[in-house]
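Here is a short briefing to read alongside the structure.

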Amino acid sequence: SVPTKMKFRFCGGQDCPDWLLAEIILLTKVSSVKMKLVASNVIKGMLGQDLDYTKLNKLVVDAKYEHGDLETLIASLHFIFKSAARFDVNTDTLNNELQQLGLPKEHSTSLCKAYEGNIAPLQGVLAHQSLRLNRLCKQDWKLDYVLTSTSLESVNCPRLAVRLEVEDSSTSANSTNVAKFVLSPNQLDLLVYELSKAQDVLEKLVQ
């Protein structure tokens with residue numbers, strides 16, 4: 001078992017998340033040889049390539065995983081590699097800490113072999129994600145004129161319905177988030193005012 005107050009460098013000097021501790025047993029069900037191949041594929045996905053779920057399913061078939069276990073394995077490895085790269089943890093330290101979590105030595109060594117040659121690329125992806133703003137992919141708006149309503153205090157006034165589709169920069173896949181909201185004329189004036197102030201602040205920072 002893991003000491004209750006043990007800190008780990010690959011977790012930023014904090015406790016290991018309880019959910020990861022609970023899933024360590026899942027990692028041990030895959031042979032150490034195949035674990036390296038799984039880990040290499042997960043890292044490729046983190047670096048922008050599409051995950052080959054057909055190949056991954058074949059690699060873990062002997063583990064007799066239940067429904068959802070493969071996704072949990074991928075999430076566990078994703079957290080380990082992302083967190084280790086984020087906190088600039090070397091392979092020796094990561095190997096030792098994973099064993100402290102209960103992962104067999106041959107499994108932790110396999111993970112670290114996959115991690116070793118990809119530390120710099122992973123850190124590059126993390127740096128790019130941390131500095132990149134979410135890109136606005138699409139915007140739609142519609143002007144309505146409210147005549148009657150049981151929920152609005154004021155009627156007989158225009159309402160601006162806005163729909164924004166924003167890129168999700170936290171994932172390697174081309175996924176987006178959608179935001180919808182409705183503005184009254186006063187709210188629209190306030191939004192324009194606040195955005196103008198924010199623009200002024202940003203322009204002063206880059207001068």
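The notes below go from the overall fold to aromatic pairs, a serine and a surface patch.

Please keep in mind that this is a predicted model. The protein has 207 residues, of which 31% are buried, and its secondary structure comprises eight helices and three strands.

**Overall fold**
- Along the sequence, the elements come in the order α-α-α-α-α-α-α-β-β-β-α.
- Among contacts with a separation of 6 or more, 59% are between residues 24 or more positions apart.

**Aromatic pairs**
- A pair of aromatic rings is described by the distance of the centres and the angle of the planes.
- Searching the whole structure gives three aromatic pairs.
- One of them is edge-to-face: Trp 19 and Phe 79 sit 5.6 Å centre to centre, with 75° between the planes.
- This pair links distant parts of the chain, as Trp 19 belongs to helix H1 (residues 18-28) and Phe 79 to helix H4, 60 residues apart.
- Trp 19 is partly exposed at 38% relative accessible area, and Phe 79 is also partly exposed, at 24%.
- Phe 81 and Tyr 115 make a stacked pair, because their ring centres are 6.0 Å apart and their planes are at 10°.
- Phe 81 is in helix H4 and Tyr 115 in helix H6 (residues 105-116), so this pair ties together parts that are 34 residues apart in sequence.
- Phe 81 counts as buried because its relative accessibility is 0%, and Tyr 115 is buried with a relative accessible area of 0%.

**Ser 76 in helix H4**
- Ser 76 is found in helix H4, which spans residues 69-86.
- Is Ser 76 buried or exposed? Its relative accessibility is 0%, so Ser 76 counts as buried.
- Leaving aside residues up to four places away in sequence, Ser 76 touches Trp 19, Leu 20, Glu 23 and Leu 27.

**Nonpolar surface patch**
- Which residues form a nonpolar patch on the surface? They are Phe 181, Leu 188, Leu 191, Val 192 and Leu 195, and together they have about 390 Å² of accessible area.
- Helix H8 (residues 185-206) contributes the largest share of this patch, with four residues.
- Leu 191 is in helix H8 and counts as partly exposed because its relative accessibility is 33%.

Terms used. Residues numbered from 1 in each chain as written. Predicted model: local features only at pLDDT ≥ 70, side-chain atom pairs only at ≥ 80, totals over all residues. Heavy atoms only, no water. Patch = residues over 30% accessible without salt bridge, like charges linked within 9 Å, V, L, I, M, F, W, Y side chains within 5 Å. Areas by Shrake-Rupley, 256 points an atom, 1.4 Å probe, with all protein chains shown as cover. Salt bridge = Lys/Arg side-chain N within 4 Å of Asp/Glu carboxyl O. Helix = DSSP H or I, 4+ residues; strand = E, 2+ residues; numbered from the N terminus. Buried < 20%, exposed > 50% of the residue type's maximum accessible area, 1.4 Å probe, protein only. Contact = heavy atoms within 4.5 Å. Phe/Tyr/Trp six-rings, centres within 6.5 Å; stacked < 30°, edge-to-face > 60°.
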